[in-house]
Amino acid sequence: MKFVNFINKLDKRWIYLLIALVVIIPFVFPVGCPMKITPPVQSIYNYIEDSIPENGVLLLGVDYDPSTMAELHPMAKALTYHAFYNNVRVLFVTMFPQGSGMGQDIINRTLEHWNSINPDMPKELGKDITLLAYVPGFSAVILKMGENIPATFNEDAYGNKLDNLSVMEGIKTYDDIDYMVEFSGSSVVLSWLIYANGRYNLKMGIGTTAVSAAEYYNYLQSGQANGLLGGLKGAAEYEKLLTDKHDFSGRNDASVGMDAQSAAHILFILLIILGNITFFIKKHQEGK
Amino acid sequence: MAISTNIWIWIAALLTLAIYSFLYKDNPFYKFAEYLLVGISIGYGVSIYWHNTIITKVYNPLVHEKDFLVIIPLILGLLMFSRFFKSYSHLSRMPIAFIVGAGTGLSIPSSFEFLFKQVQGTMPASLDVGNLIIIVGVITTLVYFFFSMEHKGFVGKVSRIGITFIMIAFGAAFGYTIMARISLLIGRIQFLLSDWLGIIK
């Protein structure tokens, strides 16, 4: 009974401290937990690998802000590198004002890193990659992109006229986009699925936060999306697929966190079991 | 180990610690970081709207390209500000009516098509175990949310199966939520240990 009372009266700050330690220790002493590639992640990878031709166009929607950056940023980075390896042009688009900052950060980091490790095949802003300027009113923007992408945005996020950019060569509507992956933890994903996929048949994959992943599995089953990256685990799986094929010397942001994720999950399972046991013991004692 | 010498990394790291200090107890550092976030988010949003909307979509077409059609949406937009003046506030209904009308018109056909695809997804071509679970899950969950009949007898039994499916869905969503929250902590810890303190690569 002493132990039950101790657990019931435990200051929650001790649990916060425990979680912090469980997350920090695996970073310092990594174990390298095994990871299985799930079919929804493999599906996105395979599509980019096999179905987008050289100099094709990959549209990446960065509809998130710093609050979900930890999960979605590694996904967007991994897909950008994948496009670079396959000589596929990358267009970033955002329906969130804060998404502009996210997109520019990915472009800066990936270009800088890529050009440092691949000086013989450098990538260039405006030629291989760019971020379209933010335009408010996402439903109208997504619909208008189906009619005329350059007229929807006029310029990229760096103030360059889209007509003058070689990355935009031959891109007029969704018909000229080979594939799109939408990264978001919000309902913007649905707008893309309703308008871009439903109305204009744009082939789509989804990259979403773990919180929203369960919700978006429906769209895999119905065939509206061909793949799904769910949370940090989805990003880590994609990084693994990429590093298995390519000699990638950069930091795999998602993969390095997987040990900490597993450790934290074990702690949570133990805490839930412990909490339930003490709850039922207390209930039983009170019933006597 | 190489501690960062970049001032912005230091600012980001100290603000992260200020936010996490709330877990111990509410304090002025947390309050400062919280207000700073709200202020900067609004300022950033306003500057993005100014450059990407007012300048690109209104000023440039009107002044440089002499596209006077822009005046129509501009007037509609300005009418929204009539809400600040009691005697003219009714004028704001015009742009609202336009937004509601156009938005509804645009979304209804596509939304129906979208919904039909979801319904189609519950009508599989082959009847294997997975597909059977989907069919039973959809029907029993819908019965649970059918409130025109009392949940007794056969309907009661079916709705109880429905709530089992709902509970499983909640469990999956809760598991994913834990994963998401831990991921956010991992992201910050990774930043502190790597970008700031240089303990890990």
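What follows is a short chat about a sheet in chain A and a helix pair in chain B of a predicted model.

Trainee: How do you know that strand 1 and strand 4 of chain A pair?

Mentor: Pairing takes at least two bridges. Strand 1 (residues 57-63) and strand 4 (residues 179-184) of chain A have six bridges, in the parallel sense, so they count as paired. One of the partners to look up is Phe183(A) in strand 4, across from Val62(A).

Trainee: And what is the strand order of the open sheet in chain A?

Mentor: Six strands run 3-2-1-4-5-6, with parallel pairing. Strand 3 (129-131) and strand 6 (228-230) of chain A each have a single partner strand, so one side of each has no neighbour in the sheet; that makes them the edges. On average, neighbouring strands are turned by 15 degrees against each other, direction ignored.

Trainee: Which strands does helix 5 of chain A lie across?

Mentor: Helix 5 (residues 99-117) lies across strand 1, strand 2 (89-93) and strand 3 of chain A, and runs at about 160 degrees to strand 3.

Trainee: Over to chain B. How do helix 1 and helix 2 of chain B cross?

Mentor: The axes of helix 1 (residues 7-20) and helix 2 (residues 28-64) of chain B come within 7 Å and cross at roughly 115 degrees. The crossing is left-handed.

Trainee: What makes up the contact between helix 1 and helix 2 of chain B?

Mentor: From helix 1 come Leu15(B), Ala18(B) and Ile19(B); helix 2 brings Phe29(B), Tyr30(B), Phe32(B), Ala33(B), Glu34(B) and Leu36(B). Eight are nonpolar, none polar and one charged. Glu counts as charged, so Glu34(B) is the charged one.

Definitions and conventions: Residues numbered from 1 in each chain as written. Chains lettered and ligands numbered in written order. Predicted model: local features only at pLDDT ≥ 70, side-chain atom pairs only at ≥ 80, totals over all residues. Heavy atoms only, no water. Helix = DSSP H or I, 4+ residues; strand = E, 2+ residues; numbered from the N terminus. Axes fitted to C-alpha atoms, helices over the stretch in contact; angles between N-to-C directions. Contact = heavy atoms within 4.5 Å. Left-handed = near helix turned anticlockwise from the far one by under 90°.
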